[in-house]
Amino acid sequence: MADVRFPDGVVVPSLGQGTWHMGEGGDPRAEADALRLGLDLGLTLIDTAEMYAEGGAEEVVGEAIAGRRDQVFLVSKVYPHNASARKLPVALAASLKRLRVERIDLYLLHWRGSVPLAETVQAMEAARAKGQIARWGVSNLDVADLRALGPALADCATDQVLWNLEARGPEFDLLPFCAERGMPVMAYSPLGQGGALLRHRALRAVAARHGVAPAQAALAFVLARPGVIAIPKASDPAHLRANVAARDLRLTAEDMAELDRAFPPPSRKQPLEMI
Ligand code: NDP
C-alpha cells in the first residue's frame, strides 16, 4: 500500500478507518472489535471527532486501542464552537480522557466557525507545545480559507474534505493547491456513505471488469491519487477486508475514462461541499 508523508516527515498508510456513527446505539463492543480488526489488517490511522455521538465514538476508539496505542495514528477533531483559546483546552482534555491517551497525533478544526482562525491556530500551537497533540490540521476548508491561515498554513498538517466520485470539485483547485505545498489531504466519505454511489451503473461496470465490489472500485479511485488518505468507515468485518483488498486494485485508463463520463471531473471552480 502506498504511504503518505506529512510535512514533518511522519508517514501513515493511505487507507485509514472512519468512526462516524460509532457509539450511537450500535453494539460498542462489536464496533471496537471492528476497529481492532482494522488495525490488525494495517489500517492504523483512525479518524474520530468529539462531535461523533457527542464523545461516544471517541470512547469506542479508546476501548479499541487500549493496550496498543503505539500502533495507532490517532486523528480527532474539535467543534468550531470549542476552537477558542478558552474552550479548546477543555475540549481537548475531554477528548484525551475519552480516548484514554495522553496525546492525539493529529487534531483538526472540524469546520470553520466564528472563532478567528488565528485564535484557533494559537490554541493548537499551545496544545502542541504541551505535548497534548503532535500536529494540527483543518477540515472542510476551501482554498480561500486555507489561504486565510496565512503563514500558519505551513504548519497545517492536512485538510480533511469530502472527496469521492460524486463530489469531485476538489480536483479543480484544492487537491493541486495542497499537493504543491506537500500537504496530504484526507478524503472523507470515500464510499459516498455507502449510498447511491455504490449502486451506480458505471461504477458497477468498472468493478465487474475487475471482479471486485463497487466499494472497492470507489476506493481505488481515491487511493490512486498520491498524497491522499482515504478514511472509509466500516463496522462490518467483511467490508473491512474488502476495503483492505482495494489497496491492490489499479484502475485502467479505460476504467478512468468510463468513470469520467459518469462522474465528470470539474471544469471550473466549485465551492467545497461538506456533509
Ligand atoms: P463512507 O463513505 O466511509 O461510508 C460508510 C458506509 O459504507 C457505512 O455504512 C459502511 O457500512 C459502508 N461500507 C464500508 N465499506 C464498505 C464496503 N466495502 N462495501 C459496502 N459498504 C461499505 O462514509 P462516512 O461518512 O462514514 O465517511 C468516512 C469517515 O470520514 C467518517 O466515518 C468520519 O470519520 C469521516 N468524516 C469526516 C467528516 C468531516 O466533516 N471532517 C464528514 C464525514 C465523515 P458498515 O459500517 O456497516 O461496514
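Mentor: Let us start with Ile229, which, once residues up to four places away in sequence are set aside, touches Val4, Val12, Ser14, Gly16, Leu45, Pro184, Met186 and Ala187. Keep in mind that this is a predicted model, in which the chain averages a pLDDT of 97 and 100% of the residues score at least 70.

Trainee: Which residues touch the most other members of the largest nonpolar core?

Mentor: That core has 82 residues, and Ile229 is listed together with Tyr107, Ala187, Ala218, Leu219 and Ala230 as touching the most other members. The largest share of the core, 8 residues, comes from H8.

Trainee: What makes Ala53 count as buried or exposed?

Mentor: Ala53 has 21 C-beta neighbours inside 10 Å, and the label buried requires 20 or more, so Ala53 counts as buried. Ala53 is placed in the loop between strand E3 (45-47) and helix H2 (56-65), and its phi is near 55°, a positive value in a residue other than glycine.

Trainee: Why is Gln193 called partly exposed?

Mentor: Gln193 has 18 C-beta neighbours inside 10 Å; buried would need 20 or more and exposed 12 or fewer, so the count for Gln193 falls in between and the label is partly exposed. Gln193 is found in the loop between E8 and helix H7 (201-210), and although Gln193 is not a glycine, its phi is positive, at about 60°. Most residues other than glycine have a negative phi.

Trainee: What puts the buried residues of H9 on the same side of the helix?

Mentor: The buried residues of H9 are Leu240, Asn243 and Val244, and because they cover an arc of only 100° around the axis, they lie on the same side of H9. An α-helix has 3.6 residues a turn, so residues three or four places apart point the same way. The buried residues of H9 pack against helix H1 (28-40) and helix H8 (214-223), while H9 (residues 237-245) also gives the most to the shell around the ligand, with 3 residues.

Definitions and conventions:
Residues numbered from 1 in each chain as written. Predicted model: local features only at pLDDT ≥ 70, side-chain atom pairs only at ≥ 80, totals over all residues. Helix = DSSP H or I, 4+ residues; strand = E, 2+ residues; numbered from the N terminus. Arc of directions from axis to C-beta. Contact = placed C-beta atoms within 7 Å. pLDDT = per-residue confidence, 0-100. Core = buried A, V, L, I, M, F, W, Y, C linked by C-beta atoms within 7 Å.
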